[in-house]
Amino acid sequence: MTDAISGEDLVVGYGRKTIVDHQSIHIPAGQITGLIGPNGSGKSTLLKALAGINPIDHGHITINGQPQAQLSAKALAKALAYLAQAPDVPGDLTVATLVKLGRYAYHRGFFGQDPHEKAQVRAALVAAKVAELANRPLASLSGGQRQRAFIAMTLAHDSPIIMLDEPTTYLDLTHQLDVLNLMQHLNQVAAKTIIVVLHDLNQAARYCDQLVCLHDGQVVATGSPKAVLTAPLLAKVFQVSAQVVTPAGCDYPQLLNCQTLVSA
C-alpha cells in the first residue's frame, strides 16, 4: 500500500529535551490512522513534525513521495491540512471568514486572488455541516459546532491529507460521535487520508483502520486495531487491565471492564 506520509529515524523535541527518539512511521494513503498512547507519549509532537510545524532534529519525512524539507510553505499547505487541539482565533470571527482562512495557500497575485475560493469555501461548509452557520460568530457556537467549523477550515485547503489533534477534546459524547462520523465520511466519500490523535481507545478501534501506539517517545505497536489493542499492551503501556472483545457483527475490538493497575 502506498504511503501518504512516511517518517524515517525521526528525532523530535523541544530545545534540549528529546520527545520522539529515532522512530519511524508510515501512514497509508486513503486510510484513517489513529495515534494513541498515554499523556506525554509523544503523539502530538510526532503529528506536528509530520505536519511540518515541529522541526525534526534527525531523520527525514516524505509527503506523497516528496521530501518534506523541499516543499514550500504553500506546497505543504496544499498537501495537508492540520487542525490543532485548541485553535485560538477571535470569537467575533464568522464561520465563513474562518473557513476562508483555509484558502491562503491558493491566493495569487498582489491582491491575493483565488478564483476557486467561493466554490471551495461553500463545499467545505456543506461537507462539515455548518453551511447554515456561515454568518454566525464563533463565540455564539456550541463546542460541537465550533469544532465542525474548524474542520470546515481544514477542508477548504482541499488537501488529500487531514491531520486532527484530539478533535473530540472538551466535547460531550454526542458531539464527539458527530465529529468522528464526519471524519469517517470524509475518508470514505472524499477519499481523504486522515491522521488523528485520540485518547478514547474504543473510539480509536471503531473509527481507525490503523493504530500507531506510542509510549515514552517510542512507537511500540503499529497495525490494525485488533493487532494493537491486546491485553498485554494495555497493561504495559496504559497500565490497565481490560477484557478485549469483538462484538457480534463488528470487525473491531472493544475494551470492557477496564481497571487500573496503578495504585492511587
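What percentage of the 264 residues in the chain is buried? Buried residues account for 48% of the 264 residues, where buried means under 20% relative accessible area with a 1.4 Å probe, protein chains only. The model is predicted: local features need pLDDT of at least 70, side-chain atom pairs count only at pLDDT 80 or more, and totals for chains, interfaces and linings use all residues. Residues are numbered from 1 along each chain as its sequence is written, and side-chain values use heavy atoms, without hydrogens and water.

The chain holds 9 helices and 12 strands, taken as DSSP runs (helices H or I, at least four residues; strands E, at least two) and numbered from the N terminus. Its radius of gyration is close to the value that the globule rule gives for 264 residues, so the chain is as compact as a globular protein of that length. Both quantities rest on stated conventions: the radius is taken over C-alpha atoms, and the rule is 2.2 Å times the number of residues to the power 0.38.

| Quantity | Value |
|---|---|
| Radius of gyration | 19 Å |
| C-alpha box along the principal axes | roughly 60 × 40 × 35 Å |

Of the contacts (heavy atoms within 4.5 Å) between residues at least 6 apart in sequence, 64% join residues at least 24 apart.

β1 (residues 3-14) pairs with β2 over 9 bridges, and Gly7 stands opposite Ile25 in β2.

How values were computed:
Buried means under 20% relative accessible area, exposed over 50%, partly exposed in between (1.4 Å probe, protein chains only). Two strands pair if DSSP finds at least two bridges between them.
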